[in-house]
Amino acid sequence: MRSAWRLIGGVGLRRAPVWIGMAAIVAMSWYYLVRMDSAQSAMHGGASAHAGMAMGGDGVSGLLTAFGMWAVMMMAMMLPTVAPSAAVFSSLSARRNPARTNGATAVYVAGYAASWIAFAAPAALMQWSLTYALLLDPMARSTSTMLSAAILLAAGVYQWLPLKSACLSRCRTPLAFFMANWRDRRSGAFWLGLRHGGYCVGCCWALMAAMFAVGAMSLAWMGLIMLLVLSEKVIPASWRFDKALGLALVAAGLWIAAGI
């Protein structure tokens with residue numbers, strides 16, 4: 001990861017349009033989520049204010065609403081975490097074709113975003129199904145103590161599995177990933193973003209699922225999960241932050257289970 005940060009320093013203002021565009025999308029996503037939260041609170045008040053955010057209706061309309069909300073959430077939460085790998089990609093792209101670096105980097109980021117938008121589909125389906133089964137409250141938080149404990153325990157155990165470590169290693173060292181899988185042209189940039197985003201989904205999906213135990217529609221938890229995901233990517237592997245986070249999740253799951 002240190003090599004990634006050294007490359008970020010070399011990118012500088014030459015890639016300003018890409019960073020400004022990313023920042024604008026993230027800002028608009030958070031603005032939308034905050035406005036939606038405020039509007040629902042003013043209309044209904046209290047916890048029930050999040051009902052519109054959580055589902056927005058029954059049947060297909062509710063599922064589509066949930067998907068749209070998760071897609072916006074993923075842009076707000078996960079697009080900031082692509083910055084280190086996007087900087088590395090931009091630096092490598094500049095060495096091959098400086099004139100098209102900004103465009104290629106934007107396409108790479110689009111591929112990364114597409115991975116998380118795809119993830120929004122099963123996340124929305126899970127939310128829709130659990131809500132239909134009366135296992136989620138209006139904030140998309142589990143109403144079942146057993147379910148909450150199981151979600152947190154599963155997320156904590158996943159932090160220790162080899163699959164988690166394999167995906168996280170590619171997120172921490174994007175330079176090695178790019179050197180082994182590099183493709184030219186914008187189609188190649190999109191493929192690299194899509195594939196690298198896939199590793200990020202493989203790394204972080206369990207943390208996203210853990211949101212159902214604490215409130216998937218909670219702005220505070222969205223922000224915290226975003227910081228945890230970013231920390232996993234940038235904190236040195238020797239600190240074993242991912243493993244410590246896993247222990248914390250397991251401990252929380254056991255604590256909740258003990259109260260059943």
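In this predicted model, the sulfur of Cys200 has its closest cysteine sulfur in Cys204, at 4.2 Å. The disulfide count comes to zero. Cys200 is buried, with a relative accessible area of 1%. Cys203 is buried too, and its relative accessible area is 1%.

Thr105 lies in helix H6, which spans residues 101–132. The relative accessible area of Thr105 is 0%, so this residue counts as buried, the limit being under 20%. The side chain of Thr105 reaches the backbone oxygen of Thr101 at a distance of 2.8 Å. Contacts of Thr105 beyond its neighbours within four places in sequence involve Val18, Ala86, Phe89 and Ser90.

Helix packing was examined for H12 and H13. Helix H12 covers residues 219–234, and helix H13 covers residues 241–258. The two helices pack at an angle of about 145°. Their axes are 9 Å apart. On the H12 side, the contact is made by Leu228, Ser231 and Glu232. On the H13 side, Phe241, Asp242 and Leu245 take part. By class, three residues of this contact are nonpolar, one is polar and two are charged.

Definitions and conventions: Residues are numbered from 1 along each chain as its sequence is written. This is a predicted model: local features need pLDDT of at least 70, side-chain atom pairs count only at pLDDT 80 or more; totals for chains, interfaces and linings use all residues. Side-chain values use heavy atoms; hydrogens and water are left out. Axes are lines fitted to C-alpha atoms, for helices over the stretch in contact, and angles run from 0 to 180 degrees between N-to-C directions. Helices (H or I, at least four residues) and strands (E, at least two) are DSSP runs, numbered from the N terminus. Contact means heavy atoms within 4.5 Å. Ala, Val, Leu, Ile, Met, Phe, Trp, Tyr, Cys and Pro count as nonpolar, Asp, Glu, Lys and Arg as charged, and the others, Gly among them, as polar. Buried means under 20% relative accessible area, exposed over 50%, partly exposed in between (1.4 Å probe, protein chains only). A polar contact is a pair of N or O atoms within 3.5 Å; within protein, one must be able to donate a hydrogen and the other to accept it, and residues adjacent in sequence count only if both atoms are side-chain atoms. A disulfide is a pair of cysteine sulfur atoms within 2.5 Å.
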